[in-house]
Amino acid sequence: MLAAAAAALLTLTASGCVTVHGESALIPAATPAEAEQALKDFTVAFNAADKAYDPARDAGRVTGPFGEINQAGLRSRKVTSPNGNANHRPLELADAKFAIPRKAGWPRFFLADTDSNRDTDQGAGDNRWLLVFVRDSAAQPWKAAYLSIMRADQVPAFRREQGYAVPVAAASTEAAVAPGVLGERYVAFLKDGQPGPFAPGTHTTLWRDQRKKAATRTGLVTQYVDQAESRGDFAPLALATEDGGALVFFATRYYERQTAAAGYRPKVGQDVKALMTGEVKDTVTKRWVSSQTALVKPAGAERGGVTVLARLQGVTAAEGS
């Protein structure tokens, strides 16, 4: 009995984190001080990379869909502006509100809801930057995997237990759509547009309409192929909301292929050319990474139960043929 009890004792590490033998107990993902430091470290690295247009300077602080978008964007701008960012304005993230869940085992994550200096601070231009930080072990630094920019009134109230946010598992049945299949459902909607869980809006019905218009543009055929993405740091992450639903961050990839009519070439901007392989004759294929933030109603609200609040996307590669 004594040996069994000793094996279950908590040991305090030098960083102040608590480790449980067997990784079976619920442990806070981070302390508030650690979350503050992670946000600070990210901001310092992000500014250094943005000023020099050097992806290496923040590669250790970004990952997942946001990381891939960030790194590709910096690689592109390094080609188009090799001397760096002449218009660099340091990013400032203030008024940080943290939603830190408890979780058994790894990986772990937390949310930082912040006010950036990139908005107007009032009216329709006022928004919040939501950053989801992840790490796979205590030996790794916290990295920003998701970035979502939305209005302050769109950020939901999170459910708390003993002061901690509550994570929603990928296969959870508490919400109208399980976080783990949200990417697949979104991809299916973009393909066929059939009525389902997604409420009409900028990132659902209007996004499909924009694609349809692009596909029928005179002299240019545009095709889209979407794929859900959930591997590694692209895994969907969700926090329970007070109403019984969830705020879900999930990722997709899509390919946009543009083929011009005979005698013409698709127009390609300098930012895309910087990421391109091959030569554009009549076709250019762009590979995009897209991250979405969705507010999901509680189970039972299947029709229109998912509102996609924000979408961040970027070209990560291109090929000409």
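This is a predicted model: local features need pLDDT of at least 70, side-chain atom pairs count only at pLDDT 80 or more; totals for chains, interfaces and linings use all residues.
Residues are numbered from 1 along each chain as its sequence is written, and side-chain values use heavy atoms, with hydrogens and water left out.

Let's start with empty space. Rolling a probe the size of a water molecule over the atoms shows where such space is left. The search uses a 1 Å grid over the protein atoms alone: a cavity is a set of points where a 1.4 Å probe fits but cannot get out, while a pocket is an open set with protein on both sides within 12 Å along at least five of seven lines. Lining residues have an atom within 4 Å of a point. Grid points are joined across faces, edges and corners, and a volume is the space filled by probe spheres set on the points.

The largest pocket holds about 480 Å³ of space. Its lining has 26 residues, and Ile69, Asn70, Gly73, Leu74 and Arg77 are the closest to its centre. Two or more lining residues come from each of α2 (32-52), α3 (64-80), α6 (270-273), β15 (283-296) and β16 (306-320). These labels follow DSSP runs numbered from the N terminus, with helices (H or I) of at least four residues and strands (E) of at least two. Helix α3 gives the largest share of the pocket lining, eight residues. By class, the pocket lining has 14 nonpolar, six polar and six charged residues. Here Ala, Val, Leu, Ile, Met, Phe, Trp, Tyr, Cys and Pro count as nonpolar, Asp, Glu, Lys and Arg as charged, and the others, Gly among them, as polar.

The structure holds one cavity of 30 Å³ or more, and the largest cavity has a volume of about 30 Å³. Among the residues that line the largest cavity are Tyr186, Trp207, Arg211, Asp226 and Arg311. Strands β15 and β16 turn up here too, each supplying at least two lining residues, as do α4 (179-192), α5 (205-215) and β13 (246-260). The cavity lining has four nonpolar, four polar and three charged residues.

Leaving aside neighbours within four places in sequence, Thr202 is in contact (heavy atoms within 4.5 Å) with Trp207 and Arg311.

Tyr186 takes us on to the largest nonpolar core. Such a core is a set of buried Ala, Val, Leu, Ile, Met, Phe, Trp, Tyr and Cys residues joined through side-chain atoms within 4.5 Å. Buried means under 20% relative accessible area, exposed over 50%, and partly exposed in between, with a 1.4 Å probe and protein chains only. This core has 25 residues, and Tyr186 is one of those with the most contacts inside it, a list that also includes Leu182, Phe198 and Val248. At least two core residues come from each of α4, β12 (237-240), β13, β15 and β16. Leu182 touches Val177, Phe198, Val248, Phe250, Ala294, Val296 and Val306, not counting residues up to four places away in sequence.

Next, the loop between α2 and α3, which holds Thr63. Is Thr63 buried or exposed? Its relative accessible area is 15%, so Thr63 is buried. The Thr63 side chain makes a polar contact with the side chain of Asp233 at 2.7 Å. A polar contact is a pair of N or O atoms within 3.5 Å; within protein, one must be able to donate a hydrogen and the other to accept it, and residues adjacent in sequence count only if both atoms are side-chain atoms. Tyr53 lies in this loop as well, and its phi is near 50 degrees, a positive value in a residue other than glycine.

A cis peptide bond joins Trp106 and Pro107, with omega about -5 degrees. Arg108 lies in strand β6, and its side chain reaches the backbone oxygen of Gly105 at 2.9 Å.
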